[in-house]
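Subject: Structure handover

Hello,

Here is the structure for you to look over. Please open it beside this note.

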Amino acid sequence: MSVHHEWSRPPAADRRVRVQGQPVDTFPALSPEAERGSVRRITVVGEEVLSRPCREVTEFGTAELSALIDDMFLTMYVADGAGLAANQVGLGLRLFVYDCPDDYGVRHVGHIINPALELPDPGSRRLVDDSEGCLSVPGATMTVPRTDHAVVHGFDKEGEPLVIEGTGYFARCLQHEVDHLVGHTYLDRLSKRDRKDALRQMTDRSEDVFARRAAKAADLNHALRGGA
């Protein structure tokens, strides 16, 4: 998911960063995972891996799983994203990473594996129309209705149970990423006319998006590998 949002000040005093759902006193601009990661190619809408349901992760605590999460964080930052699912780097696994603000500007960072999405009951659901983009639909943004509260149940990379709660824009991010894992993009939630508009935007703008990502990858690689 790409970032296209502004937020207001929170009513609560605690504005600490939430890492894996828990508040921390300090946290760097880029997650520690990104420092260990390598950039992977981001898949583009139309590729088959994006349109089929992802399979459950069955092995936890492996070096391969940790490396994938590291790579996904760095790839997400290179693309200026707020979230990234595993099938967006070509692997059909039920896993996504995120670094996303909520509507109050509180930053949420983490990963979740085999997530199950829980939304409010239809009678108490509040849908919000807001702009939404996707790293696999480069350059396009469209208005998509989403509920303003979501809870995701899953596991961390060690297999420990994890519950992540989101409101506002972060709730949108959680829903967007879980959609990816069932083989959908936000385009599937649009009318035929709006979908056509989004694909036209992608055609017009994707070249510039890819150029920005390449420049950002070079800058981050320089910074993370001991450059200025």
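Below are the findings, grouped by topic.

This is a predicted model: local features need pLDDT of at least 70, side-chain atom pairs count only at pLDDT 80 or more, and totals for chains, interfaces and linings use all residues. Residues are numbered from 1 along each chain as its sequence is written, and side-chain values use heavy atoms, with hydrogens and water left out.

Helix H2

Helices (H or I, at least four residues) and strands (E, at least two) are DSSP runs, numbered from the N terminus. H2 has 16 residues, which should span 22 Å at 1.5 Å a residue. The expected span is 1.5 Å times one less than the number of residues. The end C-alpha atoms of H2 are 23 Å apart, which agrees. Of the 16 residues, 13 are buried, so H2 is largely enclosed by the rest of the structure. Buried means under 20% relative accessible area, exposed over 50%, and partly exposed in between (1.4 Å probe, protein chains only). Just after H2, Asp80 takes a positive phi of about 55°.

H2 also meets H4. Their axes come within 8 Å and cross at roughly 125°. That makes H2 oblique to H4. Axes are lines fitted to C-alpha atoms, for helices over the stretch in contact, and angles run from 0 to 180 degrees between N-to-C directions. Under 35 degrees is roughly parallel, over 145 roughly antiparallel, 65 to 115 roughly perpendicular, and the rest oblique. Leu74, Tyr77 and Val78 of H2 make the contact (heavy atoms within 4.5 Å) with Arg213, Lys216, Ala217, Leu220 and Leu224 of H4.

Nonpolar cores

A nonpolar core is a set of buried Ala, Val, Leu, Ile, Met, Phe, Trp, Tyr and Cys residues joined through side-chain atoms within 4.5 Å. The largest has 25 residues, of which Met72, Phe73, Leu84, Leu95 and Val97 touch the most other members. H2 (63–78), strand E4 (95–101), strand E5 (107–118) and H4 (192–224) each supply at least two residues of this core. H2 gives the most, with 9 residues. A second, separate core of 17 residues includes Leu162, Ile164, Tyr169 and Leu174.

Salt bridges

A salt bridge is a side-chain nitrogen of Lys or Arg within 4 Å of a carboxyl oxygen of Asp or Glu. By this rule there are 18.

- Arg126 pairs with Asp148, with the closest N and O atoms 2.8 Å apart. This pair links distant parts of the chain, 22 residues apart.
- Glu132 pairs with Arg146 at 2.7 Å between the closest N and O atoms. Glu132 is in strand E6 and Arg146 in strand E7, 14 residues apart. Both are buried. Glu132 and Arg146 also belong to a salt-bridge network with Arg172, Asp179 and Arg189.
- Asp204 meets Arg200 at 3.3 Å, N to O. Both lie in H4, 4 residues apart, about one turn of the helix. Asp204 counts as exposed at 52% relative accessibility, and Arg200 as partly exposed at 45%.

Lys157

Is Lys157 buried or exposed? Lys157 is buried, with a relative accessible area of 19%. Lys157 sits in the loop between strand E8 (149–155) and strand E9 (161–167). Leaving aside neighbours within four places in sequence, its contacts include Arg36, Phe60, Leu65, Ile69 and His111.

Best wishes
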